[in-house]
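Dear colleague,

Please find below the structure that I am handing over to you. My notes on what was found in it follow directly after.

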Amino acid sequence: MSEVKFSKEHEWIKLEGDIATIGITKHATEMLGDIVFAELPEKGSNVEKDGTAGVVESTKAASDVYTPVSGEVVDLNQSIVDDPSKINQDPENSAWFFKLKIKDKSEMDTLMNKDEYDKFAKESSA
Amino acid sequence: MGKRVNMDIKKTSLYQLHQASKAKFVEFAGYQMPIQYSEGIVEEHRYTRNHSGIFDVSHMGQLFIYGQEDLVNDLERIFPLDLKNLKLNHSKYSFLMSDNAGIYDDLIITKIKDGFLIILNAACKENDYKILKELLNDKYKMILDEERSLIAIQGPKSVEILKSVIQGVENLNFMSGNWFILDDYNIYVTRSGYTGEDGFEVSLTNEFADRFTRRLIDKGAKLIGLGARDTLRLEAGLCLYGHELSKDKTPVEANLKWAISKERILKGNFIGSDIITKQLTNGVSKIRVGIKPEGKIIAREKTKIYNESDLEIGEITSGTFGPSVNGPVAMGYVENEFSKKNTKIFLEVRGKKHPATICSLPFYKKSYVKGVN
């Protein structure tokens, strides 16, 4: 069983064993508009919960991508760097950003489930 | 709940059409303007390049100044143009400058029957009006017309679309215009625009603007927001006031000396002419250039520029992703000695220096219509 959770910074995180896959939500891509640039953290680097772990840019502006949990970066999705428009097309599935070997599973408890996030996203864009 | 609404914000006569077309709005120069519609900036940009885009630029100032020979002489003391030889219905790009040749605004001035029509930037128009009224000693009738809308239609299919609505516009050459009558309304059309594409700007009374624009949409043109307007003008190497142009920059520094009449430089006697002449003779210390970052990195406004010896040599004024170039594009000011084409430079983005090259403008080649007749 995998568990998908969401952060207030509009990242999603899917945990399978101790490997977390992280991306940005459909709601985030709708707010950003066409994504034309993506930058990922370095493979092998350690990232801290709520720290910067990448950048996405639309034609209008740059936005930081944060990691919702701490861990070591074990895999990157190079295809979104080569073609950032994939992030708009399939943000919550094939256009994941990076995978972490997570340090502390209890950090998952601080995040929102799908219903909570949908409510949060609706309120924050009202 | 809900956002705080600025009650003073102005709306153009196409506001309801923008809303019905699912525009995302942004406040720009005191107006509620569409930044994009549902298809998004990249698709809107491509549609303009390949087909035809409609831009609501009604926030821009339409200043009518009425007068005869005296007015021509007085305006020549203000603008670096050969207005005596400007033919009826012909337009020129120019600037309103301070005594130091700093740019208050960039504008298009058109000779019309009984005077001139000047198109001004939205954020500058009120100030321009005040400055011009004072410089002209209140001698002439001046109307900053809020009763008229301004609709641009840009892109390769625009001539076919517009002529099916207003017959005769196909005979206009680039940077010229004429009056047309449609449904008993007087409409002034110029062949011009700010996207690097063939196109037109249409000045018409507010009450007709919505109906007129819907006709263009019925013929296949699509509404395009300010977001794509910015990527289009940047690919075309065109300046945007408040970014490339300001009170601290002169037309020579902005690399716009082509817009200054050679005859007028010889004779001088316009506001800012001393500085312009001096800069044309001695050169300038910094100048506007085109910048092509290597790879995909986007360098935004205020990004610092370095030379190969790591010395700071300038700053980016506009930078984005150019959909037609399919890569990042930018403009900025660098010290003159580093302004030559192909000079290697570095752009500091998020703490890292990324290689880039000085390049010639435009990034995207324009296709203006010059010889219809």
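**A buried alanine in chain A**

A:Ala28 counts as buried because 21 C-beta neighbours lie inside 10 Å, the cut-off for a buried residue being 20 or more. Please bear in mind throughout that this is a predicted model. A:Ala28 sits in helix α1 of chain A, which covers residues 26-32. In sequence, A:Ala28 is 18 residues apart from A:His10, while their C-alpha atoms are 5.8 Å apart in space.

**Where the chains meet**

The contact between the chains takes 10 residues from chain A and 14 residues from chain B. On the side of chain B that touches chain A, α2, α7 and β16 (312-322) of chain B each supply at least two residues. By type, the residues on this side of chain B are five nonpolar, six polar and three charged.

**The two domains of chain B**

The domain assignment divides chain B into domain 1 (1-236) and domain 2 (257-359). The centres of these two domains of chain B, taken over C-alpha atoms, are separated by 27 Å. Across the boundary, 22 residues of domain 1 of chain B are in contact with 19 residues of domain 2 of chain B. The side of domain 1 of chain B that touches domain 2 draws at least two residues from each of α2 (41-50), β5 and α7 (226-235) of chain B. That side of domain 1 of chain B holds nine nonpolar, five polar and eight charged residues.

**A strand and its hairpin**

Strand β5 of chain B, residues 91-97, is mostly covered, with five of its seven residues buried. β5(B) runs antiparallel to strand β6 of chain B (residues 103-112), and seven bridges join the two. One of the bridge partners is B:Ile103 in β6(B), which pairs with B:Met97. Together β5(B) and β6(B) form a hairpin, and five residues lie between them. In the turn, B:Ala101 has a positive phi of about 70 degrees.

**The nonpolar core**

Which residues have the most contacts inside the largest nonpolar core? They are A:Leu100, B:Ile54, B:Ile118, B:Ile151, B:Ile153 and B:Leu347, in a core of 120 residues. Domain 1 (1-236) and domain 2 (257-359) of chain B both contribute residues to this core, so it lies between them. Leaving aside residues up to four places away in sequence, B:Ile54 touches several residues, among them B:Ile151, B:Ile153, B:Leu216, B:Leu223 and B:Ile224.

Yours sincerely

Terms used. Residues numbered from 1 in each chain as written. Chains lettered and ligands numbered in written order. Predicted model: local features only at pLDDT ≥ 70, side-chain atom pairs only at ≥ 80, totals over all residues. Buried ≥ 20, exposed ≤ 12 C-beta atoms within 10 Å, placed from the backbone. Helix = DSSP H or I, 4+ residues; strand = E, 2+ residues; numbered from the N terminus. Pairing = 2+ DSSP bridges. Domains from an automatic or database assignment. Contact = placed C-beta atoms within 7 Å. Nonpolar A, V, L, I, M, F, W, Y, C, P; charged D, E, K, R; others polar. Core = buried A, V, L, I, M, F, W, Y, C linked by C-beta atoms within 7 Å.
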